[in-house]
Structure formats: structure tokens, C-alpha cells
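Subject: Structure handover

Hi there,

Here is the structure I promised to pass on to you.

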Amino acid sequence: MYKTKFYKGDYLQRQLQANADKAVAYVEHHFNSSASEQAGYAVVVVGSNASPTSRNWGRWYSRAIAEQFGTKVAGDDGILVGGWNGRGDGNVKHTQMPALLLEPLFGSNPQQAEIIRSASGQAALARVLVESIRRFFPKGGLIAFSVGHKYKTSSPNDRGAMLAGGGTEADHAEKVLELAAKMLDEQAAPEPQPRKLRVMQGDKLLFETQVDEDAVLVWSSDRNLLFIPD
Amino acid sequence: MKRWTLALWLCLAGAWPAHAQSDTTHLLVFFSNARLAADPADCTAVTALDRHVPRTGAVATAALQQLFAGPTAAEQAMGYRSPFSAATAGLLKSLRVRDGTAYVDLHDPRAQLAGVSSSCGAAEFQSQVHRTLRQFASIQRVVFAIEGQPRTFYDWMNESCGPANGHCDARPFAASPKPQGGRP
């Protein structure tokens, strides 16, 4: 049902490639950082040209993260449209599909950095992301993943901020996305539902039968009959 | 009574350096302080602190140098925070003010200030620099570069090149071989 692909190169190249691949959703994962160890809220950057789907998806994700980790959301109910002062806008605004730049936790906050480093924290972050994707893109499709800072052609050594206590933002964002990709890839395709013909009176089911997927149903008003021609 | 009055006068006089006005320049630097901010989650909120430096006409340069040295230990104990610290004290490569725009050229800060490319980190960085420079009436806008290259700075900050940053034009930075300062 879902496929995932990691995009590398500079941010514009990643978005253009995801467009060419006709991805249905684009996710770039970062962590936030502050000079204050206490800062710790969830926020998502959406493009200045973000669709209602992007905005709703971003808000849902931020709220779910805040609920999961007992924090708050920042920005406009969890999203920064166009980023802060334009920062981050270029990371997502060139996509032709809904796109988010995630900043779920602060790597500068020692408690949150511990969560980011832990296997259970990474799994929880991945679960929230996967649930958001399933909720907003239930039909499946290609999900484009981009690891913030890492694999940029123009700055190959960039790893983003250092986490309090050790590690880098980018390496841990990559772990979360890898987990999310595994969860999405492993999701069993739904059982095909047989096509059924039902006769209802209000909410009451009077008659039900299975018909072929390609059967053509024709109503004859002369004969007062619904039939399948030979 | 006269002796007490004289003693009090001498004490007060001793508390105020006789040459304070002539030998030093008073500046403000702006740091974050969540304890004083109306919204502790507002990464753009900054609070002013006083700095007195040896008398200079290059006040904007002096203010940035003070800012880039970060808050003192005593100020940190009072809740002041900044991406800047003693490790970034030499961050300023040059500053040129022209037509209301401050062109701030930095020595490559990306290793020391990796966190400022996040949304909150960027807000802290830019708010502190902007407010510190905009205390001077001659400065309305700030454009940054790393080693003379604005595109390097704005790529690092994940910001597009556009009218707000002079379309990442490097020419204004090339003409500033040594630090200068705006004169408010």
C-alpha cells in the first residue's frame, strides 16, 4: 500500500525528484534547538504555499507529538506557515504534494535529547508520523522522506545541531525516518473487498449478494428489474 | 553635620568614575531570557543588557563584538541565554553599514553554532543580532555572509535568496576589508 523512498542531495533537488516520482507526501525530519535548555515544544514548518491538507496534517502531527511527550505546540496551532522568517520554506515549498518539515522535539533540551537517543523514543516518534500518514493518505502511495541537514551536496558535512549529551540532530532524524519507513513498508496490503449488491430500505438491509468486479448492472423500468446482461 | 555631608559627597563621587563619560561608550546587547519573556516559548523575545566599552566611533562593530562574546556567567545565572559565548567572541569578520543596511560578514560559524539553523535557534540568533544592531538609527536592515558569501549563510539557515537579503549579492561584502561601524 505504501512505498517509501529517501531523497538525497540539496533540498531543491530532493523536492524536484519527489515531484518526478509522483510521491503523495513529503516529510523532512529535523529536531529543534535553542540556547535555553528548557525550550521544548512541537512545531511543523509548512510551505508558504501549503495546501489545506499540509496544514491540517502538520497540525495533527504537532498535537499528537505534544500529547505523546507531554509538551505543547508552538506557532499557529502547531505549524509555522513559510517557516520562521522564511527559514525552512525552501525545504518544502517546491513540492507538488503535501509536505512537512518536522521539528517534534528539542535536541538542546536534555530530557528531550534522551528521548531522541532512546530506541523507545525513536519508535514513538516514528509511530506518530506513520499514524499521521495513514490518516491523511489512506489510499497509500509513495512517501518521500528527507533527512534534514544530511546528504546535502552543497554541505556534505552538515549534521545539524548537536544533541545535549551527545549525537547529532541529523543522525537521529534518520533513525526515526528509517523506523517509519519500516512500519509503512511492512503494513499489509488490505484484503480486497468483494463487490456486493445491496438492497436497502432506509438503514435496513433487505438483500445482499456478491457480483463480479466487472459486472454491469442495468435497471429495467419496464420489467422493474435490476439485471446483469449476458 | 558638615563633616557627614562631606563624607557622603565623597562616597557618591567615588562611586562614579570621573572619566566615565569621556572614556567609555555605552551600548546595549540583547539576549534571550525566558524568565522575563511574556511567552517563554517565544524564541524571538530578547532583553537588553548594558555594556560599557572603551570609547569608540565604531559603535555597531563594538556592539556586535560584545554580543558575540555572549552573556557573562552572572548574567547566565539570571537566566540570560544566547547561542553566543566566549567560543564565538571572534565571530565577526567585518561590518559595513550602507544606506541603512548592515552587512555582517562572519567567520565560518557553522561548527560552533550548529543549532541556529533550527527554527527556534534561527529566531534567537537573528533576533539578538537584529535588535542589537537596530539600536542604532542608521541601521534598519541586516544582511549576513559567511566569509564574504551571503549565499553560504542563507543556505545554512535554509532561507531563500530574495529581496530581504539583497538576493545574496556578495558585492557589498567585498568592499569591507576591515571592521567598521555605523554611527548612531
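In this predicted model, chain A is split into two parts: domain 1 spans 2-186 and domain 2 spans 196-227. Taken over C-alpha atoms, the centres of domain 1 and domain 2 of chain A are 47 Å apart.

On confidence, the complex comes with an ipTM of 0.77 and a pTM of 0.79 from the predictor. Chain B has a mean pLDDT of 85, with 83% of its residues at 70 or more. Please treat two stretches of chain B with care.

Now to the interface. Chain A puts 29 residues into the contact and chain B puts in 23. On the chain A side, strand 3 (41-46), strand 6 (83-84), strand 7 (87-88) and helix 3 (89-92) each give two or more residues. That side is made up of 10 nonpolar, 15 polar and four charged residues.

Chain B also holds an open sheet of three strands, ordered 4-5-6 with mixed pairing. Strand 4 (92-98) and strand 6 (141-146) of chain B each have a single partner strand, so one side of each lacks a neighbour in the sheet. Neighbouring strands are turned by 15 degrees against each other on average, direction ignored. Strand 5 (residues 101-106) and strand 6 of chain B run parallel, joined by six bridges, and T101(B) sits opposite R141(B) of strand 6. Helix 3 (residues 59-68) of chain B lies across strands 4 and 5, at about 145 degrees to strand 4.

Best wishes

Definitions and conventions:
Residues are numbered from 1 along each chain as its sequence is written. Chains are lettered from A and ligands numbered from 1 in the order in which they are written. This is a predicted model: local features need pLDDT of at least 70, side-chain atom pairs count only at pLDDT 80 or more; totals for chains, interfaces and linings use all residues. pLDDT is the predictor's confidence in each residue, from 0 to 100. Domain bounds come from an automatic or database domain assignment. Two residues are in contact if their C-beta atoms, placed from the backbone, lie within 7 Å. Helices (H or I, at least four residues) and strands (E, at least two) are DSSP runs, numbered from the N terminus. Ala, Val, Leu, Ile, Met, Phe, Trp, Tyr, Cys and Pro count as nonpolar, Asp, Glu, Lys and Arg as charged, and the others, Gly among them, as polar. Two strands pair if DSSP finds at least two bridges between them. Axes are lines fitted to C-alpha atoms, for helices over the stretch in contact, and angles run from 0 to 180 degrees between N-to-C directions.
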